[in-house]
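This briefing describes selected features of a predicted model.

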Amino acid sequence: MASYDLIVIGTGPGGYVCAIRAAQLGLKVAVVEKNPTLGGTCLNVGCMPSKALLHASELFEETEHSFAKMGIGVSKPKLDLPAMMNFKQEGIDGNVKGVDFLMKKNKIDVLRGTGRILGAGKVEVRAADGKAETHDTRNIVIATGSDVTRLKGIEIDEKRVVSSTGALSLDKVPEKLLVIGAGVIGLELGSVWRRLGAKVTVVEFLDRILPGMDGEIAKQFQRILEKQGVSFKLGAKVTGVDASGKTLKAQVEAAAGGSPETIETDVVLVAVGRVPYTEGLGLKEAGVALDNRGRVQTDAHLATSVPGIYAIGDVIAGPMLAHKAEDEGVAVAEIIAGQAGHVNYDVIPGVVYTTPEVAAVGKTEEELKQAGVAYTVGKFPFTANGRSKVNQTTEGLVKILADAKTDRVLGVHIVGREAGEMIHEAAVLMEFGGSAEDLARTCHAHPTRSEAIKEAALGVAKRSIHM
């Protein structure tokens with residue numbers, strides 16, 4: 001069989017980007033993919049299809065509730081769920097075909113089947129028909145991503161008790177939807193089905209939503225979601241789901257324990273996180289070390305305990321984000337090619353694609369307090385932003401955290417329309433070690449929502465103009 005400079009196992013955003021960058025650097029590259037289409041979870045049953053449904057459901061809701069006050073007269077919109085699902089699938093098809101094209105363009109071989117590492121420099125690929133071939137390679141990158149976290153005693157059938165995968169393909173709008181987990185996935189998919197008519201209840205083990213995000217931002221966002229009609233049961237857990245009847249009966253009790261209550265629902269979405277996917281890779285036999293959470297252990301250069309084997313993305317430590325995996329993919333390709341690949345883990349944006357969106361980069365206020373870092377805060381609400389006022393989309397705010405001594409921006413947090421697009425000027429600023437004053441003195445176009453970022457930066461020095 002052909003010898004390669006690099007074989008990447010997995011073609012999600014981390015894997016295919018890694019392969020492309022390595023090919024650009026002159027390496028002979030192959031990727032291994034066990035699924036019929038390239039692109040991994042993100043393109044097929046994750047980031048991309050969920051954004052299609054978020055977009056479509058947002059327009060559906062706006063048509064019914066917002067058009068009239070803008071002077072646009074339309075009849076009550078009628079949901080055609082199969083057509084909406086077809087819209088979602090067209091987006092998936094376009095993206096996965098795009099990745100397929102990029103493999104051909106960059107002369108990357110696609111090895112179809114399940115990959116297994118036989119040791120340093122050897123990868124077995126077993127096709128669906130059971131036929132196996134062994135390929136020699138100088139380097140291996142594990143980019144196998146993650147799988148949904150299961151809850152003990154709650155069986156996912158992807159019909160009535162669903163993971164994010166099943167929640168993207170329901171054949172009808174449930175009258176009631178119970179979401180287990182108030183993280184990004186649960187809130188995004190809960191938002192989709194609420195807009196389409198479901199009554200949504202979210203159960204979260206912790207006493208807050210969006211664990212890991214800035215506490216003040218999370219509280220304001222929860223109030224916005226409650227105003228939209230989402231109900232929350234915080235500090236609670238689902239201990240079991242009885243699926244024997246026409247409706248599901250979920251047993252819910254306080255996180256600390258106590259008398260359970262029964263919640264009847266039509267669909268349960270289990271969205272309590274994701275776990276690294278390492279099944280069948282042969283890591284133990286190959287000597288690749290895992291940590292106590294089942295993640296592949298890597299050093300600062302993304303190398304594992306076995307020379308020539310690297311790992312990136314959801315399968316290693318760090319935020320399970322596609323763009324984090326992409327940056328690691330580029331970095332490891334450059335390292336393998338003899339360059340100085342690097343990922344700045346302090347500047348990785350995170351976004352919740354609801355309406356309004358939540359976006360953040362850098363440290364939260366809680367993290368700075370815990371680390372004992374002296375900081376200053378600048379805030380600016382969208383109620384005082386001209387563009388948001390005229391568009392009547394004034395929910396949310398911008399919050400900037402800066403070092404009290406140097407004024408260097410340490411974290412930026414936004415709740416508001418298009419927050420996911422707005423966060424990147426903060427990311428660029430932080431990448432260059434910029435200060436709040438740098439941001440405050442940068443001319444922003446008027447009228448834009450981004451002016452709220454400038455005003456929040458002015459607010460760090462207590463000199464916001466429009467507040």
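**Helix packing**

Helix α3 (residues 47-65) packs against helix α4 (residues 81-105) at an angle of about 140 degrees, and their axes are 9 Å apart. The arrangement of α3 relative to α4 is therefore oblique.

- The crossing in which α3 passes α4 is right-handed.
- On the α3 side, the contact is made by Met48, Pro49, Ala52, Leu53, His55, Ala56 and Ser57. Their counterparts in α4 are Met84, Met85, Phe87, Lys88, Ile92 and Asn95.
- Sorted by class, the contact of α3 with α4 comprises nine nonpolar residues, three polar residues and one charged residue.

**Five-stranded parallel sheet**

- Five strands form an open sheet in the order β8-β15-β9-β10-β11, and their pairing is parallel.
- The edge positions are taken by β8 (161-162) and β11 (231-234); each has a single partner strand, so one side of each is left without a neighbour in the sheet.
- Within this sheet, strand β9 (residues 176-180) pairs with strand β15 (residues 267-270) in the parallel sense, over four bridges.
- Val179 has Leu269 in β15 as its bridge partner.
- Helix α6 (residues 184-195) packs on the sheet and touches β9, β10 (199-204), β11 and β15. The direction of α6 makes about 175 degrees with that of β9.

**Three-stranded antiparallel sheet**

- A further open sheet has three strands in the order β12-β13-β14, with antiparallel pairing.
- Its edge strands, β12 (236-242) and β14 (261-265), each pair on one side only.
- From one strand to the next, the twist averages 30 degrees.
- β12 runs antiparallel to strand β13 (residues 248-254), and six bridges join the two.
- Lys237 stands opposite Glu253, a residue of β13.

**A loop residue**

- Ala128 is located in the loop between β5 (122-126) and β6 (132-142).
- The relative accessible area of Ala128 is 89%, which means that this residue is exposed.
- Between Ala128 and Gly280 the separation is 152 residues in sequence and 14 Å in space, C-alpha to C-alpha.

Technical notes
Residues numbered from 1 in each chain as written. Predicted model: local features only at pLDDT ≥ 70, side-chain atom pairs only at ≥ 80, totals over all residues. Heavy atoms only, no water. Axes fitted to C-alpha atoms, helices over the stretch in contact; angles between N-to-C directions. Parallel < 35°, antiparallel > 145°, perpendicular 65-115°, else oblique. Left-handed = near helix turned anticlockwise from the far one by under 90°. Contact = heavy atoms within 4.5 Å. Nonpolar A, V, L, I, M, F, W, Y, C, P; charged D, E, K, R; others polar. Pairing = 2+ DSSP bridges. Buried < 20%, exposed > 50% of the residue type's maximum accessible area, 1.4 Å probe, protein only.
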